[in-house]
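Let us take a friendly walk through a protein model together. Have the sequence and the 3D view ready, and look for each residue as it comes up.

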Amino acid sequence: MGRGRVVLERIENKINRQVTFSKRRNGLLKKAFELSVLCDAEVALIIFSSRGKLFQFGSTEMNKILERYRQCCYSQDTDVVEQGTQTLYREITRLRAKYESLQRSQRHMLGEDLEPLNLKELQNLEKQLDKTLSRARQRKTQIMLDRLEELRQKERCLGEMNKQLKSKIEEKGQRVHEAIQGPGNPTTQAPVDCFEQLHTSHTNHAALERPTFHSGYHQSAVLDPQEAAMETRTFTGGTSRYQAWFL
């Protein structure tokens with residue numbers, strides 16, 4: 001009957017756990033010794049128990065093996081650092097070359113340092129400049145069209161506002177005209193009546209105060225209203241009618 005499968009988990013029983021640790025520790029130390037003898041290898045084994053007790057095995061002196069281990073790890077770290085440094089140096093070199101190439105292209109675009117270029121490179125530069133100029137003109141035209149459309153919309157809005165204001169002014173003017181041309185027209189009739197009353201009062205007063213001269217005596221006589229000649233002229237203009245009296 002075969003041996004059952006052992007489940008790898010922590011042994012809860014303290015005694016069983018200690019027994020298992022002792023057996024497997026001895027087996028591991030034996031395997032390390034056999035590996036060092038059979039394969040002529042330097043083996044160092046360090047074990048700490050759950051209570052902190054140290055168990056170790058070294059095919060040679062333990063300190064020498066540990067020192068060799070440290071040197072190996074340090075050299076690996078140094079190699080990693082050197083590899084990283086070399087990678088960064090290559091990246092810096094690539095970026096520097098790209099930067100110089102872009103600077104040359106910029107100078108060529110500005111018409112500088114064209115002497116080293118051959119005919120083909122000059123033709124390529126000319127094509128590139130033509131494309132750049134065409135795109136710049138297209139963008140400029142688009143901006144001008146957008147601005148023109150914006151101004152047209154603004155013009156339409158101002159036109160609508162002008163029409164509204166004009167309509168309001170016409171309505172207000174129509175109301176004022178209707179108020180002036182209303183029945184009785186008291187606005188224009190009142191000044192004419194006042195003028196007629198003032199003129200009549202002045203004429204009567206002048207007729208009563210006019211002196212009459214006779215030989216031998218002075219007498220203040222009242223003029224006959226028929227003696228005062230009154231001329232009437234009528235002026236008709238627009239919608240009002242005015243009369244003027246002249247003595």
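We begin with a pair of strands, then turn to rings, and end with charged side chains.

Before we start, note that this is a predicted model, in which local features need pLDDT of at least 70 and side-chain atom pairs count only at pLDDT 80 or more, while totals for chains, interfaces and linings use all residues. Residues are numbered from 1 along each chain as its sequence is written, and side-chain values use heavy atoms, with hydrogens and water left out.

Find strand E1, residues 44-48, and follow the chain to its partner E2: the two pair in the antiparallel sense over 5 bridges. Strands (E, at least two residues) and helices (H or I, at least four) are DSSP runs, numbered from the N terminus, and two strands pair if DSSP finds at least two bridges between them. The hairpin of E1 and E2 has 5 residues between the strands, and there glycine 52 takes a positive phi near 90°. Across the pairing, leucine 45 stands opposite phenylalanine 57 in E2, and phenylalanine 48 has leucine 54 as its bridge partner in E2.

Now look at the faces of these strands. Leu45 and Ile47 make up the covered face of E1, while Ala44, Ile46 and Phe48 make up the uncovered one. In E2, which spans residues 54-58, Phe55 and Phe57 are on the covered face, and Leu54, Gln56 and Gly58 are on the uncovered one.

Which residues form a nonpolar patch on the surface? They are Ile46, Phe48 and Leu54, with about 300 Å² of accessible area together. Such areas come from the Shrake-Rupley method with a 1.4 Å probe, and for residues only the protein chains shown count as cover. Patches are made of residues with over 30% relative accessible area and no salt bridge, with nonpolar side chains (Val, Leu, Ile, Met, Phe, Trp, Tyr) joined within 5 Å and like charges within 9 Å. Isoleucine 46, for one, counts as partly exposed because its relative accessibility is 42%. The scale is this: buried means under 20% relative accessible area, exposed over 50%, and partly exposed in between (1.4 Å probe, protein chains only).

Next come the rings. The whole structure has 2 aromatic pairs. One of them joins phenylalanine 33 and phenylalanine 57 edge-to-face, at 6.4 Å centre to centre and with 80° between the planes. Because phenylalanine 33 lies in helix H1 (residues 14-39) and phenylalanine 57 in strand E2, this pair ties together parts that are 24 residues apart in sequence. Rings of Phe, Tyr and Trp (its six-membered ring) pair if their centres lie within 6.5 Å; planes under 30 degrees apart count as stacked, over 60 as edge-to-face and the rest as tilted. Phenylalanine 57 is buried at 17% relative accessible area, whereas phenylalanine 33 is partly exposed at 48%.

Finally, look for opposite charges. The structure holds 7 salt bridges, each a side-chain nitrogen of Lys or Arg within 4 Å of a carboxyl oxygen of Asp or Glu. In one of them, the closest N and O atoms of arginine 94 and glutamate 91 are 2.4 Å apart. These two are 3 residues apart in helix H2 (residues 62-109), so about one helical turn separates them. Another salt bridge links arginine 147 with glutamate 150, at 3.5 Å between the closest N and O atoms; both lie in helix H3 (residues 119-180).
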